[in-house]
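Visitor: Please pick one side chain in this model and take a close look at its surroundings. Give the cut-offs as you go.

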Amino acid sequence: MEKRYSFGDFRIPVTFYGASEIDSPEPNATGQTELFSGLCFPYAPSSKDYTALSSAGIKRGVTIVIPDTRGEFVPDNSMTAVVDDYRYRGVEWNVIEVRPDFDNDRYITVVMGVVQ
């Protein structure tokens, strides 16, 4: 069964970060730079998502769905993300797996985890 989302489902802010490419003698606090910010639909990982998380040795995870930006932004597993929700306060997630929606070409599913 196909999952259908409406754009009203994307209410939680998410920001993706990547390694900073700025060549400066002054290090920034995180060594990361903001790559993309938008809205997402987070949900508890499915059994398929838990398989990806456990193979990476991760015990805590979240899965988010973001609208497909048609190549403007494509997350990858070198990135981290912060979900701006009180349930995930203070957690910086590692991107573990990215699944584009090849059937409808409308969404990107991102499985994220944090090593505890």
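Guide: Setting aside neighbours within four places in sequence, Trp93 is in contact with Arg60, Gly61, Val62, Met79, Thr80, Ala81, Val83, Tyr88, Met112, Gly113 and Val114, where contact means heavy atoms within 4.5 Å. The model is predicted, so local features need pLDDT of at least 70 and side-chain atom pairs count only at pLDDT 80 or more, while totals for chains, interfaces and linings use all residues. Residues are numbered from 1 along each chain as its sequence is written, and side-chain values use heavy atoms, with hydrogens and water left out.

Trp93 also belongs to the largest nonpolar core, which holds 20 residues. A nonpolar core is a set of buried Ala, Val, Leu, Ile, Met, Phe, Trp, Tyr and Cys residues joined through side-chain atoms within 4.5 Å; buried means under 20% relative accessible area, with a 1.4 Å probe and protein chains only. Val14, Phe16, Ile64, Ile66, Val83, Trp93 and Met112 are the members that touch the most others. At least two core residues come from each of E1, strand E2 (32–43), E3, E4, strand E5 (93–100) and strand E6 (107–114). E6 contributes the most, 4 residues. Strands are DSSP runs of at least two residues (E), helices runs of at least four (H or I), numbered from the N terminus.

The whole structure contains 6 aromatic pairs: rings of Phe, Tyr and Trp (its six-membered ring) with centres within 6.5 Å, called stacked with planes under 30 degrees apart, edge-to-face over 60 and tilted for the rest. One joins Phe16 and Phe73, whose ring centres are 5.1 Å apart and whose planes meet at 45°, so this pair is tilted. It connects distant parts of the chain, since Phe16 sits in strand E1 (residues 12–19) and Phe73 in the loop between strand E3 (60–67) and strand E4 (80–83), 57 residues apart. Phe16 is buried at 0% relative accessibility, and Phe73 is buried at 6%. With Phe36, these two make up one aromatic cluster.

Of its 116 residues, 39% count as buried. Among contacts between residues at least 6 apart in sequence, 60% join residues at least 24 apart.

How values were computed. Buried < 20%, exposed > 50% of the residue type's maximum accessible area, 1.4 Å probe, protein only.
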